[in-house]
Amino acid sequence: MRKLFSRQLIEARHEMLSIYEAVDLALHDAVKAYVTDDRKLATKTKKRTLSIDARCANLEAVCYNLIATQSPVASDFRLLQTIIYVDFNLQRMTDKVRQICRATRHMIKADISLPKELVGTVEAEAEAVYQVLGSSLSALVTNDMSIICNLAVEDEPVHAAYEKFFRTFNRMDTGDFMDDDSNYDDLRRAIMVSRYLDRIASISIDAACRLTFLLTGQRMTAGDIACTDEDELESMRVPSGEGVIMRPAVDARYVAKVPVNEVSEGLRYLLDHLEDEDDGEDDEE
């Protein structure tokens, strides 16, 4: 029975990582649709977000079922709590990706052409967001709390691009376009994409920071972690329970589609040296 429970914990963790990967890839396509005015890609990506939502809902149900039927304790319970928390934030991120797709569709339908400078700023902001998501994933796969400590620094270019976007927009001459209320609403949706990207980065950081709870048992916010020394965090680690089997060399398989230039060096190494799930099972038994 415990062996089955351990397998279910592993599968839930892998599904969490796989959903994170799916959100990351959907974001890439949503931004691509936005900057290239690709309505078909925006529609396709929006449908994918609905599928991701369904996976998140199912993962949440699985975790609560394990809590109700297995009565996990200690690190087993922390793992399930972590998965549920990350899953909740993945749903929030997915909603923002869907909003980007909707904004793209409205922008194209209303025949809105944003200045190249604004589009370029969105692209730059998106590139910074990809790095935040890649680092967040890297931390969750490799269990490296030093990555978590650096996420606030990685978020700075995101917020700088967000502020630049709205400074540029405030100087933009909209002419007679703003006289039509419906056009104004479509334009508002279009410019909110920068805000959605900024929120996705913040939500990703919140999700990744829950790793400290899994590894130390201490609930710490992103602000708490930013004020904590890496060595102090490492000294707070507690042993994993019997059911919590985290094998980064195997776990990396579930995020293998994320662009390698967006993940940490440690995760890139793991992606180059992937192991099969069955490797080492005899030793564990």
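With which side chain does the side chain of arginine 98 make a polar contact? In the predicted model examined here, the partner is threonine 49, whose side chain lies 3.0 Å from that of arginine 98 in this polar contact. Arginine 98 belongs to helix H3, which spans residues 74-109, and it counts as buried because its relative accessibility is 8%, under the 20% limit. When neighbours within four places in sequence are left aside, the residues in contact with arginine 98 are Lys46, Thr49, Leu50 and Asp53.

Among the contacts that join residues at least 6 apart in sequence, 80% are between residues at least 24 apart.

In soluble globular proteins, nonpolar side chains tend to be buried together. In this model, the largest nonpolar core holds 87 residues, and the members that touch the most other members are Leu27, Leu114 and Leu197. Two or more residues are given to this core by each of H1, H2, H3, H4, helix H5 (145-170), helix H6 (181-209), helix H7 (211-216) and helix H11 (265-272). The greatest contribution comes from H1, which gives 15 residues. Leucine 197, apart from its neighbours within four places in sequence, is in contact with Leu27, Val31, Ile100, Val122, Glu125, Ala126, Val129 and Val158; the list therefore includes Leu27, another of the residues named above for touching the most other core members.

Aspartate 37, in the loop between helix H1 (2-36) and helix H2 (39-70), has a phi near 55°, a positive value in a residue other than glycine. With a relative accessibility of 46%, aspartate 37 counts as partly exposed, because this value falls between the 20% and 50% limits. Aspartate 111 is placed in the loop between H3 and helix H4 (116-142), and its phi is likewise positive and near 55°. Aspartate 111, however, counts as exposed because its relative accessibility of 63% is over 50%.

The loop between H1 and H2 also holds aspartate 38, which is partly exposed, with a relative accessible area of 29%. Beyond its neighbours within four places in sequence, aspartate 38 is in contact with Ala33, Thr104 and Ile108. The C-alpha atoms of aspartate 38 and cysteine 101 are separated by 9.8 Å, although these residues are 63 places apart along the chain.

Cysteine 101 itself is buried, with a relative accessible area of 0%, whereas cysteine 227 counts as exposed at 71% relative accessibility. A disulfide is a covalent bond between the sulfur atoms of two cysteines.

Note on methods. Residues are numbered from 1 along each chain as its sequence is written. This is a predicted model: local features need pLDDT of at least 70, side-chain atom pairs count only at pLDDT 80 or more; totals for chains, interfaces and linings use all residues. Side-chain values use heavy atoms; hydrogens and water are left out. Helices (H or I, at least four residues) and strands (E, at least two) are DSSP runs, numbered from the N terminus. Buried means under 20% relative accessible area, exposed over 50%, partly exposed in between (1.4 Å probe, protein chains only). A polar contact is a pair of N or O atoms within 3.5 Å; within protein, one must be able to donate a hydrogen and the other to accept it, and residues adjacent in sequence count only if both atoms are side-chain atoms. Contact means heavy atoms within 4.5 Å. A nonpolar core is a set of buried Ala, Val, Leu, Ile, Met, Phe, Trp, Tyr and Cys residues joined through side-chain atoms within 4.5 Å.
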